[in-house]
Protein chains: 2
Amino acid sequence: MRASLYLIATQKETPNDAVVISHQLMLRAGMIRRLSSGLYTWLPTGLRVLRKVERIVREEMDRAGALEVVMPVVQPAELWEESGRWQQYGPELLRIKDRHDNPFCLGPTHEEVITDVVRNEINSYKQLPVNFYQVQTKFRDEIRPRFGVMRAREFTMKDAYSFHLNVDSLQETYDVMHAAYCRIFDRIGLDYRPVLADTGSIGGSHSHEFHVLAESGEDDIAFSTESRYAANVELAEATAPAGERPTGTRSMEEVHTPGQKTIAAVSEFLRSDPAHSIKTLIVLGECPEGPEESDRAPLVALVLRGDHALNELKAEKLPGVAGPLQFAPEARIAEELGCGVGSLGPVGMKIETIVDRSAAHLADFICGANRDDYHYTGVNWGRDVELGRIEDLRNVVAGDPSPDGRGQLEIKRGIEVGHIFQLGDKYSRAMNATVLDENGKEQVLVMGCYGIGVSRIVAAAIEQNHDDAGIIWPDAIAPFQLAIVPINMHKSDVVREKCEHLYESLRDKGVDVLLMDEPKARLGAMLADVELLGIPHRIVIGDRGLEKGVVEYKGRRDAESQEFAESQLEEVLLKLIGH
Amino acid sequence: MRASLYLIATQKETPNDAVVISHQLMLRAGMIRRLSSGLYTWLPTGLRVLRKVERIVREEMDRAGALEVVMPVVQPAELWEESGRWQQYGPELLRIKDRHDNPFCLGPTHEEVITDVVRNEINSYKQLPVNFYQVQTKFRDEIRPRFGVMRAREFTMKDAYSFHLNVDSLQETYDVMHAAYCRIFDRIGLDYRPVLADTGSIGGSHSHEFHVLAESGEDDIAFSTESRYAANVELAEATAPAGERPTGTRSMEEVHTPGQKTIAAVSEFLRSDPAHSIKTLIVLGECPEGPEESDRAPLVALVLRGDHALNELKAEKLPGVAGPLQFAPEARIAEELGCGVGSLGPVGMKIETIVDRSAAHLADFICGANRDDYHYTGVNWGRDVELGRIEDLRNVVAGDPSPDGRGQLEIKRGIEVGHIFQLGDKYSRAMNATVLDENGKEQVLVMGCYGIGVSRIVAAAIEQNHDDAGIIWPDAIAPFQLAIVPINMHKSDVVREKCEHLYESLRDKGVDVLLMDEPKARLGAMLADVELLGIPHRIVIGDRGLEKGVVEYKGRRDAESQEFAESQLEEVLLKLIGH
């Protein structure tokens, strides 16, 4: 592409409505423009990147045996009523009416539509498994769209849906898709982790999110330093500390701790480490009369090490604990347990007590005395207080052993760019999508779904790859692979001929080249644009170099430029580009 | 692609909700499925065709120097208010509100959005001309969606918009786009005509529609048998008949024609040819007090040959005639002209009379006597009635001379698949899209727009190319180029090996091959599917042929199959496919 026939549209100023770096750089590099809240136009440079991501996604979906289809953006309400989601889905589902006043929505996802297609087209087990995908415009009416295309209202998504006779077949396709997703993110060139994710209320056994690691990510990912284990922090199992519990050496004493109500305050007051204290949280237990009668629910004590954080997701899944998790009102605690929340502890606790694995491993610890302004020190399980039920109650922290027994956990932030999910029969049962099995018996289909945030990948790649000068594209998705920057092209015939010749030769070989041929552009401005655009390779061609038979080359990640012999230039460039 | 891993989804029955053949065949061939009124899912076979059309369109747009962008489907009302179309556009513009109750619409077209982009990004004449295009999902809330994807509500369109400093530059790009459109339809392999079209109320000087010729088309296209002239019938100029007007030989007589009020009735009653009669239509003239006072508008008589049809578009553009055209109320005709509409004629007509070119060429003709139940015969211009103003008032008919003087006009029906349009400054002026010219002076941009109905092309191609057995794809957009049909593949190792080998070899060379490898499919059913799907080339491989060293080949348009030597099969096939 010739810059003179292209729209570079770079901007020097950082737009003040853009918070995250990818949003700033996508605006500055002329990739996108805001049309309205959460709605963006993709300018030529942005679209070139988006299309490269799309192509990789399509190639790997095809390779994985998925069949491409396209479903409408606008979907009739009827189908969503069949699945029950017309009522359940929040206002992110933009509900509209057509000119005849019939209800429709703008599709944020297509489970209902594909299930409708499949129940009409697939009727025998012989046609299974099937896996359909599309790369398509989605709409989600975010209450507060932000971060540019990272959390836009209109966005491009690859969504796939597979259908099976049984869960074994689903597991097979799920594994194939897991591998395909890894290939996609490998090919794009991102540092990512497939992480175990919450299956939410659907209760499927398996779900993985694919996260691009980046400081600006909204999720905390725990992953092993030595194995492939990775999970959302909320889901990572906190294993019991290794070895036996140490034997206590101190005796239990009640100490006066006037006004000290937090772990931090008590630890400082007693000059001890919070990791040697215990905190006790009181939540509501399951209410025999149902969740409406929560003021009659029994209380349950959760006991954790002082430096650990409660994982509410883990706690609320435990038998005997009400979900979603509710902390007990202070009034009930005072009335039933006889003290304030700052002085609770397991010794003499009158209600069911669940102890976290790490807390259960302590000896000679400090805890509240269940009497205001008093704590115990030198407490030991068994001797001073019975150790009953032990569970995993806490969030993992960096340095914890990896739950698979290999290595330690590290924690980084991640941007979710993919999600694969075993849906089971949620949609197929509600919408009566069945096939006849080998015995001619009707079977409800089993379903998986697999999403990739195609437009979000573009932003995530920038979050992970940028510097002060601009974007640093992974080669596979760069808008251009190479920029040719001439010095005074409009004055020097030699420079012009050399640049034109190289440009045409590489272009004809299928290289994405940008020739900076604006007649009067300044060298500094051109180089700044090339860096801002994140083009992986660039050369500068000028009279002075040509006289010496050299041109200047610089890779986008290189600290210094180097000189290449002009005679071997094309050969060397093709090799660098990996062509 | 292997049929066993694909979704063929053909149907034997003609769906009873499909009227036109393309809709029927797209459903029967498993290309599309209806989701709701005017909303279709593209199944794998349909999408393969759609993608091939898209690719050709993109390649030619790129070649024409247009830059690809993508604009949002959902557009804010503000921009449409700026252009004035929020009020003007009918209910085809689906207006919606988001969760914050802000007004938006689903874009049926993107003039406003691109003009907004351009007024922000382009500010100097040096950046001009520019031409942006997108291939994108559009929504038009048709009151009665019909004919499948031909007139759907959600559809795929290629829309391009160019911006210029002046009309000369616009004309240049317009010509480039005209040529690009011709290349697109040539490459797809359609019989089409670029036709002069109405510029409507915008008043641009140039507009062409691109029509695929097909009996089921909704538009009548007039085109020359000998030149490239083509125009919408409504716009084709009806030239004056060649030569001098014949000299009259009969004398004018008033004859009694009781109850004969139409050309057909009078002609039969007087045993004459309607082509020798004249009909007189009374319309409203331009009203000096403005269009609201139409009951005070003067009357104007339009005179045509009895066998010709009035062209309202031509008439309403004439000075002195009110537009849009309105026929005079019968009461005013009776009151002011003294007779009913069945007895009007130019002889003694008291109001301004405009005579069509062909009517002006008649001699010895019949016309109403401006007295109920009476007509004149043997009337001649000049002698019996003054011949004043002569204009082109009628629709052309087949056999008329071509207006460019070369050949005669033929009339066929066409399906509009493209439209190019010189918009002028309608949007750029309303939205204040300006640049600085060479003298630093602000200039309002001049704009062109260029549309292609990408999904409609798929249907139009079928309307033009089908037979009783199904679709006959032009090679360039066929879902598969070749089908390999084995006989008893599951029983014969030789057949299976031969088929697999050929399939893999051709696939690896980039040929779109469909291997019919469903183990127990019957030969007849497979061949019927291959014909219905419209695959241009197919071979049948069976033991009996292989023993003789031959396989059976049939092109989709061939009447008979032929035998190819197995030894040269791949070579011959590659040649036929044009690979």
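## Helix α12 of chain A

The buried residues of α12(A) are A:V495, A:K498, A:C499, A:E500, A:L502, A:Y503, A:S505 and A:L506; buried means under 20% relative accessible area, with exposed over 50% and partly exposed in between (1.4 Å probe, protein chains only). These buried residues pack against β26 (482-486), β27 (513-515), β28 (537-541), α14 (543-548) and α15 (569-577) of chain A, where contact means heavy atoms within 4.5 Å. Helices (H or I, at least four residues) and strands (E, at least two) are DSSP runs, numbered from the N terminus.

Helix α12 spans residues 493-508 of chain A, 16 residues in all, and reaches 22 Å from its first C-alpha to its last, close to the expected 22 Å. The expected span is 1.5 Å times one less than the number of residues. A:G510 follows α12(A) and has a positive phi, near 90 degrees.

## Basis of the model

This is a predicted model in which local features need pLDDT of at least 70 and side-chain atom pairs count only at pLDDT 80 or more, while totals for chains, interfaces and linings use all residues. Residues are numbered from 1 along each chain as its sequence is written, chains are lettered from A and ligands numbered from 1 in the order in which they are written, and side-chain values use heavy atoms, leaving out hydrogens and water.

Chain A is assigned domain 1 (16-189 + 200-206 + 417-462), domain 2 (253-391) and domain 3 (482-577); the bounds come from an automatic or database domain assignment. The C-alpha centres of domain 1 and domain 3 of chain A are 41 Å apart.

## Strands of chain B

An open sheet of 3 strands has the order β4-β6-β5 (chain B), with antiparallel pairing; two strands pair if DSSP finds at least two bridges between them. β4 (74-76) and β5 (95-97) of chain B stand at the edges with a single partner strand each, so one side of each has no neighbour in the sheet. Between β4(B) and β6 (residues 103-106) of chain B there are 3 bridges, and B:P76 has B:F104 as its bridge partner in β6(B).

In strand β16 (residues 352-356) of chain B, 4 of the 5 residues are buried, so the strand is largely enclosed by the rest of the structure. β16(B) pairs in the parallel sense with β15 (residues 299-305) of chain B over 4 bridges, and with β19 (residues 389-391) of chain B over 3 bridges.
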